[in-house]
Amino acid sequence: MNVLRNLVGGRWVTGSESDTLEVVDPATEKPLALLRSSSPRDVSAAVDAARAAAATWSATPVRERVEALLHAADVLERHAPEIAETEQQDMGRPAAVGESWIRGAIAGFRTNVDLALQYPFRKVSEDLSTTVVRRPLGVAAVIAPWNFPANIILGALGPLLAAGNTAVVKPSEKAPLSALRIAELIDLPDGVVNVVLGGGPTGAALSAHPLVGLTHFTGSVRSGAAVASAGARQLHRVVLELGGKDPAIVDDGVDVAAVARDVARGAFTNTGQICTSMERIYVHRAVAGEFVTELTAVAADALLGPMVDSAQREIVVAHVQEAVAQGAVVRTGGIVPDRTGYWYPATVMTDVTDEMLIMREETFGPVAPIQVVDDFAQAVAKAKQTPYGLAATVYTTNPAHSALAARAIPSAITWVNRWQGAGSGVVYEPAGISGMTAMGHFAAYDAATRPASVIGSVETHRF
Ligand code: NAD
């Protein structure tokens with residue numbers, strides 16, 4: 001079977017730990033490839049390669065870095081269908097829908113990289129007394145989950161590389177294939193992007209490495225807390241993009257059928273495996289009956305890929321079973337189909353209570369649990385009762401209601417009458433246990449650099 005290899009300083013090398021991990025196709029449960037975990041020594045070799053490349057890459061003029069990265073985006077664009085197919089193989093998202101996500105990731109990469117041309121890397125004060133320069137942090141560790149490998153890795157890499165950092169990427173052990181293909185395709189100088197393979201211990205060794213300047217981590221709250229501790233010990237910066245339990249509120253007076261279709265997207269896209277999936281739905285009593293009927297009908301027709309693995313599906317099964325045991329009603333779905341692969345159907349539940357796991361903890365599966373509320377204020381009061389703070393979605397015709405929700409619910413992004421999609425200049429920082437450090441637009445460049453000041457006369461172009 002194909003044994004996957006690390007990319008270190010432009011060379012493909014096999015990890016040196018004795019344990020091997022199988023990469024499995026979740027639709028067939030068949031192994032696709034093997035990877036040998038990377039040891040702390042393998043990780044060090046990758047960090048050293050990134051550090052060696054950083055000297056030249058950080059000194060390369062911004063315009064040239066941007067050109068090289070936009071060229072990489074062109075190459076990736078030509079391979080978008082292939083990357084989508086690769087992700088279908090190891091994490092299950094059907095390529096037919098996956099390709100538009102991959103194209104979105106590449107478009108986002110381009111936009112983020114282009115911003116480098118406007119970012120104030122060098123700024124002289126009006127009285128000419130002070131020059132502030134934003135310097136790259138050196139080697140950035142990028143640790144990614146399996147649910148959107150290419151999107152998350154390209155989202156992190158754009159500003160990091162354009163700002164002059166180099167990177168060591170550790171993709172998820174469950175879905176490493178697209179990261180490897182991307183690293184192979186982008187034609188950057190050796191060592192600018194390196195890849196190490198392995199599970200949690202490899203990620204831990206990378207985030208604890210003393211020569212890493214920043215860890216950009218996307219994944220669970222639990223692993224994120226470990227990365228934050230490692231960063232604190234090394235006194236290096238961490239960007240944490242973690243889990244969520246996003247609420248959606250459906251107000252009286254909306255177009256119920258249209259909103260039900262959008263909520264179906266919010267709850268079931270990527271088989272519910274999105275950090276910003278709708279995981280708690282609060283519906284105004286006046287429209288609740290019609291909404292449940294509409295959503296149940298759309299859910300029954302939803303075409304989903306498999307879940308990533310049996311462990312992830314077990315979490316969904318446990319949450320649904322616990323809710324049913326406490327009185328929740330399954331309107332559609334809720335049963336593991338008798339077939340090979342980690343499938344789980346789009347599921348709609350009603351009669352859920354605040355205490356149930358399905359309304360408290362991240363489920364990360366295709367389940368829409370619905371609670372009926374008496375008015376909008378009650379929906380907001382319930383929506384804000386959470387330690388998470390990633391996103392929230394509000395469907396309402398009343399602008400005062402959307403303003404109330406945006407003010408009261410702890411979230412990094414509030415979508416009004418739509419789910420997903422970026423406006424221009426979006427900047428956000430997750431609230432609560434959903435993460436830390438602002439991202440988006442120039443904030444991503446602020447995170448990728450540190451400011452240094454010279455006070456007094458200096459040849460600014462040399463500084
Ligand atoms: P995970 O935390 O299990 O793994 C994520 C990555 O971290 C993997 O590469 C893993 O090998 C590595 N890792 C595990 N333990 C580590 C440690 N101690 N130190 C360093 N690295 C470690 O998460 P997952 O199951 O792959 O992903 C699903 C989670 O990711 C969900 O909670 C989801 O909400 C979250 N997520 C968040 C965002 C966001 O932008 N906020 C986006 C996508 C996914």
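## Annotated span

## Basis of the model

This is a predicted model, in which local features need pLDDT of at least 70 and side-chain atom pairs count only at pLDDT 80 or more, while totals for chains, interfaces and linings use all residues. Residues are numbered from 1 along each chain as its sequence is written, and side-chain values use heavy atoms, with hydrogens and water left out.

The protein chain is divided into domain 1 (3-242 + 430-455) and domain 2 (246-416), with bounds from an automatic or database domain assignment. Their centres, taken over C-alpha atoms, are 31 Å apart. Contact (heavy atoms within 4.5 Å) joins 22 residues of domain 1 to 23 residues of domain 2.

About 1700 Å² is buried between the domains, and carbon and sulfur atoms give 63% of this area. Buried area is the accessible area (1.4 Å probe) that two parts lose on being put together, summed over both. Pro26, Glu29 and Trp146 supply 26% of what domain 1 buries against domain 2, more than any other three residues.

## Salt bridges

A salt bridge places a side-chain nitrogen of Lys or Arg within 4 Å of a carboxyl oxygen of Asp or Glu. By this rule the count comes to 14, and the count between domain 1 and domain 2 is one. Lys174 and Asp309 form a salt bridge through their side chains (3.0 Å, N to O).

Another salt bridge links the side chains of Arg103 and Glu77 (2.7 Å, N to O). Arg103 lies in helix α4 (residues 95-114) and Glu77 in helix α2 (residues 62-78), so the pair ties together parts that are 26 residues apart in sequence.

Notes:
Helices (H or I, at least four residues) and strands (E, at least two) are DSSP runs, numbered from the N terminus.
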